[in-house]
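Work through the exercises below with the sequence and the structure at hand. Try each task before reading its solution.

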Amino acid sequence: MANIQPHRIRTISEYHQVMGIPKPEHPLISVIDLGSIKPSPGHEPINLVFDFYSISLKRDFNAKIKYGQQQYDFDEGVMFFISPGQVFGIEVGKDKAIKRSGWLLLVHPDFLWHTNLAKAIKQYEYFSYSVHEALFLSEKEETTIISIMQNIRQEYHSNIDKFSQDIIIAQLELLLNFANRFYNRQFITRKITNHAILTRLEDLLDDYFNSDALVKQGLPTVQYVADALNVSPGYLSGSLKTLTGHSTQQHIHDRLIEKAKERLSTTRLSVSEIAYELGFEHPQSFSKLFKTKTNLSPLEFRHSFN
């Protein structure tokens, strides 16, 4: 599916047309009952990209979604979030008719203009999660999300007035904050899975810092670590913060400082030599980070062992 040219859908009205449903009541926001979409014939895998936000609550979707590096079968109630410009794929057997149930909220960025949410929506990290990191909802949580979507739908179905946008934006922000809460719950309730990710992270960093990768490639980036663990950067940091209180970047820096302390206390290498060994192009950058993390300069730390 990676080689398939994505089909771009630029407007919410165009999405309605493609899906064979009536025109949206509002051109910039739409809540769709997926059960109202007629089953469609199976087809070759396709890649799609929207120019608007998509928030899905899906059930009984007998196709495979590919987003990031993973495929996912939607055989239970899940939510996932896609921001404008992100490519995702749909695959269904040719002998199947695509059936859907659930709810879909589409929001064009233009609807958010001149509101605080225009910038704030980019701070919700789950819009960059991979599809296999979808949000699994309890029955009670699902009821909460559906209720908010229906409130939004009812508001734009009513006569539009000067209060309409503010009310819809408030409901949308409420939905996004509930999703934040539910993701945090998921991080906690899936601690076994997240501990496995933490263990794999520690092993990955051990191997990286004990090899010559630091000299050849420099410090591992958050993206490198996430790709190696097959998770998205945002989901990885969210999981780690719940377990340890530290982000992925902090874990990388903590492991770096451990290695630096070892070299400073057990070798006669200069600070500059250690800095280069740890992948720093400029020793000053290493010294600054070391002092930020330990409240001591590298030399002050070394002298504390004498």
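A nonpolar core is a set of buried Ala, Val, Leu, Ile, Met, Phe, Trp, Tyr and Cys residues joined through side-chain atoms within 4.5 Å. Buried means under 20% relative accessible area, exposed over 50%, partly exposed in between (1.4 Å probe, protein chains only). The model is predicted: local features need pLDDT of at least 70, side-chain atom pairs count only at pLDDT 80 or more, and totals for chains, interfaces and linings use all residues. Residues are numbered from 1 along each chain as its sequence is written, and side-chain values use heavy atoms, without hydrogens and water.

**Exercise 1.** Find which residues have the most contacts inside the largest nonpolar core.

Solution. Step one: the largest core has 36 residues. Step two: Ile55, Leu105 and Leu176 have the most contacts inside it. Step three: α4 (164–189) is among the elements that give two or more residues to this core. Helices (H or I, at least four residues) and strands (E, at least two) are DSSP runs, numbered from the N terminus. The largest share, nine residues, comes from α4.

**Exercise 2.** List what Leu176 touches beyond four places in sequence.

Solution. Contact means heavy atoms within 4.5 Å. Leu176 touches Ile55, Leu117, Ile121, Tyr124, Tyr126 and Phe127, not counting residues up to four places away in sequence.

**Exercise 3.** Decide whether Thr115 is buried or exposed.

Solution. First, locate Thr115 in the loop between β9 and α2. Its relative accessible area is 16%, so Thr115 is buried. Next, the Thr115 side chain reaches the backbone oxygen of Leu112 at 2.6 Å. Finally, Thr115 touches Gln165 and Ile169, leaving out residues up to four places away in sequence.

Notes. A polar contact is a pair of N or O atoms within 3.5 Å; within protein, one must be able to donate a hydrogen and the other to accept it, and residues adjacent in sequence count only if both atoms are side-chain atoms.
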